[in-house]
Amino acid sequence: MTENAPQDPANPAGPASCDDIIFTPLQFNNLNVKNRIFRSSVSGRFDNEDGSLTQTRINWECKFAKGGIGAIVSSYVPVLMEGRIIAGYATVHRDDFIPYWQTLGQAVHSFDCKFIMQLSHSGRQMDVPGVHNYARPTLSATSKKESLHGFLCRAMSLEEIQYTIDAFAKGAWRAREAGLDGVELHAANGYLFTQFLSSGINDRTDEYGGSLTNRARFLLDVISAIRAKVGREFHLQVKISAVDHNNVVPWEKKGNTLSESVQVAQWCEASGADAIHVSTGSLFPHPLNPPGGFSFETITATYDAMISSGVSTLRNYFLFRYPALRPIFYWAWFRMKRGRPVEGVGEDEARAIKAAVKIPVISTGGWQTASKIRTAINSKACDGVSIARSLIANPNLPKFWAGGHDLPPSPCTYCNRCLLNAPKNPIGCYEPLRFANHDAMVEQLMTIYNTHPTLQVPKPDEVAP
Amino acid sequence: MIRELPVTAVQEALHRRWRLLIPIYILLAIIAVLGVVCFILAVILLWQFAQNRTPHYADIVEEFKYGSIGTEPHSGIPYRIWRVLPALFPEDFGGRQDYSAFGFIYEKDADGRQRDLPIGISRRTYRNVDIVWFNCATCHTGTVSATTSSPDGQQRPARHIIPGMPSNNLYLERFIYFLLNAGADERLSPDSLIPEINKTGPTLGPPDEFIYRWYVIPMLRDGLLERRTRLFPLFAQQPPWGPGRVDTFNPYKLIQANMPLASLRQDELIGIADFPSIFNQGPREGMHLHWDGDNTSLAERNLSAAIGAGVTPDSVDFDAIDRVADWLKTLRPPASPHHPDAAAVARGRDIFMSQCRACHGLADSEGYTFTGNAIGQVEPNDTLGTDPHRLDSYTEKFREFQLANFFVGTPHQFKYFTKTNGYANLPLDGLWMRAPYLHNGSVPTLAALLQAPSQRPVAFIRGIDRPDTKNGGFEAPPCDPSAPPANSFCFDTRLPGNHNAGHLYGTDLPEAAKTDLLAYLLTF
């Protein structure tokens, strides 16, 4: 709160009051978060090829912690190297990485912010396989290639499923050992958990396919394994897609409905989850997640990094590159957005899930306006919101709200250029309207690389033979 | 170049897919190549299919005689076939190698060689096939034979071709009979025609031979057989047309209007009449045109005549018709070759002025004058008394069909046709070359026309083009229809449609007055 904050004509009430729901702590079973704002999972390719995190990641996370949010849900953290979405993201598949995560946790905690590690596995949704993965099809619930990019995959055997369940449990244990505040299972947006959950993707005939009970078995097994590994006192939340909308490629099946997801959320609660994080869509990106624009010029400049990743990517590249073909993709993509708001796009679905569970519910989807967030929480659509793009644009967004502003002076435009640049360029805001010039934008992108200039001379036993 | 192993799983999958799909890709490539070839061939074929061109002549007389009015596409005969028919059907051509056997007139070119096509036959390239058929000159160009003095003082016979004159030599019915019969003759099959066509050269190439074998010849035969089926039952109920005559409307009803023969009344089935002259069309605008005066519009009459010749609304060449029509407005007939006694002419003129002028204008040293109270008007046949068949052949039902179906929705839609009750009083310009007289050509000479019908020749030879200096008209010796002279047509006035009754004007004059009137008429 600051006395010098400019008066916001949209919020004549002035600075937020002490009982502003946004800044009211959120108490989970095993975790207390100082406010209702979570930094949603987002990252860049700034970690090492072996999966160890770098100072850049620490800088990245601290940028948001300093901005005043209550907790950070880490970027996608693979529990196995074969589960990476993009090479260059930190993993948690090795015990010797625990100290790195410990350092990161301490850094975030220094800003009075909690850190929740998002445990993940890409399954077939692997954008940039990297040297570890490019020579093999990824593991999935199915052997059908991914619908949008044509990523290849192979259905996991029961042994591989069990191995992966164990990997999640170990990942959670490493997070706890690193002193982090909890873990989130990324069971939304098309990754491995979704590939099991979705009726539009899962075509298995064993106990992990067919009925919703069977399709949810993998997720619930992971929850049980984690609870068995780390106990009941370590925070565990699950991010699910409330509705799959799996037919972005028009001939695909629609996938799970809201009622199915409500059932899944209830099962998660019963299995030991402490919170449900509600998203949308059975692939990522998806027209409804993150909602907003789609810059053909941007993706034309970056999608080439993915052309070798799938068997349909060249087709997509042509659709992106040539204006005459763009209307085809534009129709397929934007037909699902009609009539849907950008901010709070998943509010209704979150409300339905919150009504069905007793644990807190976090909603994601374009949140940026304080008044809308207050309304959503007060109306019991959710208990908190998670935000990525709006915080990239304004990492100190909570401070604007605390100062009584409904929106920051230069809000996120939902252009999605940050997302579309991710496969190729550093993470950050790429909205040209928000910068005086290109150099200013690049300067913003480089801030997280402001690491320690001191280089160390390795000791002889530290140098690989 | 060393073939590298795939690096990524995606590459391996793509390689595998490529190997699996190679046959399909090859098939697609072949289809694509074939598609391109077919497209190119289709473009060429379409271009050829769209061909519709004809020679145009700077000289309007040449245009009249040889220029196209658009009859060829839907009515004509392929030129290459036209050329070989005399050789294939020698019995129909009387041993001649050209169509003069049917009265078509051939001219010589600048080198003194007979022209390829006769007068009245035009040529048009339609869908890349050269086709020939009728134009205005077919029915409106005749000949007059005369004896001329050569520079060496010798008397030599000469034959003058006169554009605009009735086609007094053309035996159109026989020509149509020949063609329709040829359609049913095995000699018009591809196996007979194509070798004969190649013999006349140039040899048909494989594509053209294919087109002729499978498209041109079958289409021609089908068309001829269809017309044969329609026209022969009509012809069977008509007397022979003879040279210089045509049934204007009945074939028109059956072919162009697609009316069944059974739908026609018995009394309309004989509409045979003489080809008319077409001089001085300008002054005729507004007069009742056609023998029965059924139309007062020159343009509409011209278009209707063109339809009779074979144009359709799709193929008609309005520009060509208009060009010829403009020229015909002022085309004057050659002066009469007769030199009757001047005093008799003067006396005859007085008689004419008192008894004939109102209906038929007058002629003097300035030429023909198109004035008269009743000139160009329809004289009821109850009064006139001539053979009614031609009048009856044009019916109200057919008039309604013409108005409702031809060029509907265009500026050319028919609207001036009327059903009359008689025959039109025609101007008499070029009278000397318009014999035989009356609409059906039933009276051979002017002198005979001044006789009572009972005294007019009962049967006479048609088709002689030597002027009769004494009686007016052309020589027309009497004949016996039951034993006609060889190579001549004996016209029998006793047959339906051929009656020579009526037009009694002047028949009751004293003989001297008739002689004077005839002298005056010889000057027309």
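## Basis of the description

This is a predicted model, in which local features need pLDDT of at least 70 and side-chain atom pairs count only at pLDDT 80 or more, while totals for chains, interfaces and linings use all residues. Residues are numbered from 1 along each chain as its sequence is written, and chains are lettered from A and ligands numbered from 1 in the order in which they are written.

## Chain A overall

Chain A has 16 helices and 12 strands, where helices (H or I, at least four residues) and strands (E, at least two) are DSSP runs numbered from the N terminus. Of its 465 residues, 53% count as buried, a residue being buried if 20 or more other C-beta atoms, placed from the backbone, lie within 10 Å of its own. Among contacts in chain A between residues at least 6 apart in sequence, 73% join residues at least 24 apart; two residues are in contact if their C-beta atoms, placed from the backbone, lie within 7 Å.

## The barrel of chain A

Eight strands of chain A form a closed barrel in the order S3-S4-S5-S8-S9-S10-S11-S12, with parallel pairing, and the twist from one strand to the next averages 25 degrees. Two strands are said to pair if DSSP finds at least two bridges between them.

## Helices H1 and H2 of chain A

Helix H1 (residues 55-67) and helix H2 (residues 98-109) of chain A pack with their axes 9 Å apart and at an angle of about 25 degrees; axes are lines fitted to C-alpha atoms, for helices over the stretch in contact, and angles run from 0 to 180 degrees between N-to-C directions. That angle makes H1(A) roughly parallel to H2(A), since angles under 35 degrees count as roughly parallel.

From H1(A) the contact takes Arg57(A), Ile58(A), Glu61(A), Cys62(A) and Ala65(A), and from H2(A) it takes Thr103(A), Leu104(A), Ala107(A) and Val108(A). By class, this contact has six nonpolar, one polar and two charged residues, with Ala, Val, Leu, Ile, Met, Phe, Trp, Tyr, Cys and Pro counted as nonpolar, Asp, Glu, Lys and Arg as charged, and the others, Gly among them, as polar.

## Chain B

Chain B has 17 helices and 14 strands, and buried residues make up 43% of its 524 residues. Four of the strands form an open antiparallel sheet in the order S1-S3-S4-S2. Strand S1 (52-53) and strand S2 (77-78) of chain B stand at the edges, each with a single partner strand, so one side of each is left without a neighbour in the sheet. Two bridges join S1(B) to strand S3 (residues 121-126) of chain B, and Asn52(B) stands opposite Tyr126(B) in S3(B).

Helix H4 (residues 79-88) and helix H6 (residues 190-200) of chain B pack at an angle of about 100 degrees, with their axes 9 Å apart, which makes H4(B) roughly perpendicular to H6(B), the class for angles of 65 to 115 degrees.

## Between the chains

The contact takes nine residues from chain A and five residues from chain B. On the side of chain B that touches chain A, four residues are nonpolar, one is polar and none is charged.

Definitions and conventions: Buried ≥ 20, exposed ≤ 12 C-beta atoms within 10 Å, placed from the backbone. Parallel < 35°, antiparallel > 145°, perpendicular 65-115°, else oblique.
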